[in-house]
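Please read these points with the model open beside you. Each point takes up one topic.

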Amino acid sequence: MKITVDFEECLKDSPRFRATIEEVEGDVCELESKLDKLVKLCIGMIDAGKAYNAANKQFVNGIRELAQQSTKDEVIESSLTKFAESLQEMINYHTILFDQAQRSIKTQLQSFVKDDLRKFKDAKKQFDKVSEEKEAALIKNAQAPRNKQHEVEEATNILSATRKCFRHIVLDYVLQINVLQSKRRSEILKSMLSFMYAHLTFFHQGYDLFSELQPLMKQLGGQLDQLVVDAAKEKRVMEQKHSTIQQKDFSNDDTKLEYNVDADNGIAMEGYLFKRASNAFKTWNRRWFSIQNNQLVYQKKFKDNPTVVVEDLRLCTVKHCEDIERRFCFEVVSPTKSCMMQADSEKLRQAWIKAVQNSIATAFRDKGDDSEKLDRKSSTSTGSLDSGGEPKERSLKGESALQKVLAIPGNACCCDCGQPDPRWASINLGITLCIQCSGIHRSLGVHFSKVRSLTLDTWEPELLKLMCELGNRVINQIYEARQEELGARKPQPGDPRHEVEAYIKAKYVDRRFVRRPSDEELRNKVMSLSKQEKRLSSSSDHLPPRPPPPTPKLRPGSNTSGQSAAASGAEARRDSLFCPDELDSLFSYFDTSSKLRSLKSADSGIQNSADGSREMLANTLSSNSLADADAAESPPMPMPSTLPPPSPCKEAVFYEPREYSPGLQLYWASCARSLPDMAEALAHGAEVNWVNTDEEKRTPLIMAVHGGSMVTCEFLLQNAANVNQLDTQGRGPLHHATMLGHTGQVCLFLKRGANQNATDIDAKTPLTIAVEAANADIVTLLRLAKMNEEMREAEGPYSQSGDETYQDIFQDFTEMASSDPDKLNRYQQYGPQRP
């Protein structure tokens, strides 16, 4: 219900106006409760939807397992596999739908309740207060005695001032009411319309998916009718056989055995016999015997390889055994051994003896087989029927992020199938994908591929720069190096999903097309990267500190009075946590001119770095172009008069290792800032948390800190690097970044959950190190992160993401670290001062 309050009526302060105000306030209170309830219901719906998706995914996995179990039935296997793929796609669509519901309903409506309704409540408090003051002034003015002129004048003046204040506040209050009444319609309708469009997309995608599946379903429906008819026929046939067998005479229970030398399967005779073991106990065991290929063999189970009793029947003889206690026994004697066997009856014994004798005669008549059989070589006691001569088979959200990523050569088409205009990406691989391949990548698990939308999701600056550093061309040169050599066909747009899925799994999970380097190639690569790291470190070691920038002075009237209570509280907390020089250093980064400079350099920085990385892999996947590109981001600056103390971090020195491994390549490539070589090392099986025992158990992430590149750190973190793994000095990546004064990396690690309370062997935390180094930037970040943790703990388990001031400052630091790293450099390169 929309209620509009007249401005003229509010000045009269009539009972009609008061009644209207009371009605509006009740309506807004009810609106707030309904919106809170709707948001809670949305959260419950999303949680239930996620639980449904998890259960549905298990159900789909059960269908896949059933399909794998039915490999002998091609119809069931292919049908169930196709159904499982379609249901998996529906799960993916459900996931997208719930994400859209969270964005459209939960986020938008919560923002409306927290911002607009909070402003209304603040205006209401001011209105109630000034109304009470006006009422008190009117009463005082009415009670002023006629004969006391000074009291009359005082009451008149107070009443006049109060009325003037009341007019201003009541006009603002009415304005807030009317604006809220208009905005509530647009906000609610906008949120619900976005939610309904998400449903429209969901059902449209489902309709398209099952429209493609419908011909198969119709075909299976026709086949099913025929299968029912065939099953009924087979049932009748089986019942007739069952009845016929039951009518037979089973008075003689001996199994009927016939010797057939021309049997299709090559088995002349087979059946159960007891065999006496050759051990000291002379135990008897029942085994399945057969005569095939002029050999007498037996096996315990059907899947077991047959054991050869007699290699060549021409060299043996068979005879009855009447001198032992057991009945129906006979013996097969060869020049090297004899084998005692027992049949179930006399009739069966005679049949086996006759079969062995006939096989001996047949073997002598077949001269071609004679030469072949005499040439066989095997054990005198056991052997195999297999000839052994046959070879065995070898088992930034929106268009800006989209435009920048697709501008990289090779990224305009899907990395795996070539579909043009991709809208998805794998952030830990650095490639672009179409919607079908993105669904397949998502099914691989986040330990193989992390999928994100180029248009729907938010892209951090460091993540966007990572995408531009790699790209489809670089990754395909690694993961498809042997694709043509092995004769594997790369999928094309429109190929069946199961073919694309099989190719993607072979490419990224099995890494079938990756070219493995030889030991010499790996050694040369590691040596080259270590030399490249030395060139980089020689140009950046022992750099003097940059003097802190001047504190910007506030202009008169620049501070507005409409700040929220939360912002005021946050400023009060900052005043109590930070020293004045730290605040000067912090707020000096966020003036207008610096932001404009950051925005201007953002695009060029990303584009230039991307060009450098793409050219890097053209020859051998490791060159100095990336290092040059990173070095170019920090031009030489004038040297200050004072020098900093030497860094407490031990410099990385290359020692001849005991063994060259992909982990060692990743270690030095991280220090050399060579993302293509890092991706190549991971493709060769390098462990992302590999530890160099010769270098104080440092990890590739710690070496990336020493390399000074924020993008290499982001790449390792996206590939599951441990941000809290310590070296022998008890120092993690956050310790090293603090010691080296790398503000951008400190910001990145804090965002990724680095433990700032960890102490090294000297009992120093990162904050202690930053304070000793007088690095106000890093001290500020560490204390801000500590303050945010305390605020979140105080707010309880239902807190969102902490203080807004903290989020804004960290976002600005991240933006500068990616687009304008010069601004955050604590140390600068020595160089001649220019006049």
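1. Terms and source. Buried means under 20% relative accessible area, exposed means over 50%, and partly exposed lies in between (1.4 Å probe, protein chains only). This is a predicted model, where local features need pLDDT of at least 70 and side-chain atom pairs count only at pLDDT 80 or more, while totals for chains, interfaces and linings use all residues. Residues are numbered from 1 along each chain as its sequence is written, and side-chain values use heavy atoms, with hydrogens and water left out.

2. Overall make-up. The protein has 835 residues, and 43% of them are buried. It contains 25 helices and ten strands. Both are DSSP runs numbered from the N terminus: helices are H or I with at least four residues, strands are E with at least two. The accessible surface is about 46,100 Å², and carbon and sulfur atoms hold 52% of it. Such areas come from the Shrake-Rupley method with a 1.4 Å probe; for residues, only the protein chains shown count as cover.

3. Salt bridges. How many salt bridges are there? The count is 25. The rule asks for a side-chain nitrogen of Lys or Arg within 4 Å of a carboxyl oxygen of Asp or Glu. Take Arg349 and Glu346, whose closest N and O atoms are 2.7 Å apart. Both sit in helix 5 (residues 346–365), three residues apart, or about one turn of the helix. Arg349 is buried because its relative accessibility is 4%. Glu346 is partly exposed, at 30%.

4. A link between distant parts. Asp416 pairs with Lys507 in a salt bridge, with 2.9 Å between the closest N and O atoms. The pair joins distant parts of the chain, 91 residues apart: Asp416 is in the loop between helix 7 (399–406) and strand 8 (424–426), and Lys507 is in helix 11 (residues 497–509). Asp416 has a relative accessible area of 0%, so it counts as buried. Lys507 is also at 0% and buried. Asp416 and Lys507 belong to a network of salt bridges with Glu480 and Lys490.

5. A third bridge. Arg515 forms a salt bridge with Glu485, at 3.3 Å between the closest N and O atoms. Arg515 lies in the loop between helix 11 and helix 12 (519–538), and Glu485 in the loop between helix 10 (472–479) and helix 11, so the bridge ties together parts 30 residues apart in sequence. Arg515 is partly exposed, because its relative accessible area is 43%.

6. Helix 10. Is helix 10 largely enclosed or open? Helix 10 is largely enclosed by the rest of the structure, because six of its eight residues are buried. The buried residues are Asn472, Val474, Ile475, Asn476, Ile478 and Tyr479.

7. Cysteines. A disulfide is a covalent bond between the sulfur atoms of two cysteines. The rule here is a pair of cysteine sulfur atoms within 2.5 Å. The structure holds zero disulfides. Cys434 is buried, at 8% relative accessibility. Cys165 is partly exposed, at 33%.

8. The largest cavity. A cavity is a set of points, on a 1 Å grid over the protein atoms alone, where a 1.4 Å probe fits but cannot get out; lining residues have an atom within 4 Å of a point. The largest cavity holds about 50 Å³ of space. Its lining is Glu89, Asn92, Tyr93, Ile96, Trp424, Ile435, Ser438, Gly439 and Arg442. Helix 3 (74–143) and helix 8 (435–444) are the elements that give two or more residues to that lining.

9. Positive phi. Most residues other than glycine have a negative phi. Lys282 has a positive phi, near 55°. Lys282 is in the loop between strand 1 and strand 2 (284–292), and is partly exposed, at 41% relative accessible area. Asn294 also has a positive phi, near 60°. Asn294 is in the loop between strand 2 and strand 3 (295–299). At 15% relative accessible area, Asn294 is buried.

How values were computed:
On a 1 Å grid over the protein atoms alone, a cavity is a set of points where a 1.4 Å probe fits but cannot get out, and a pocket is an open set with protein on both sides within 12 Å along at least five of seven lines; lining residues have an atom within 4 Å of a point. Grid points are joined across faces, edges and corners, and a volume is the space filled by probe spheres set on the points.
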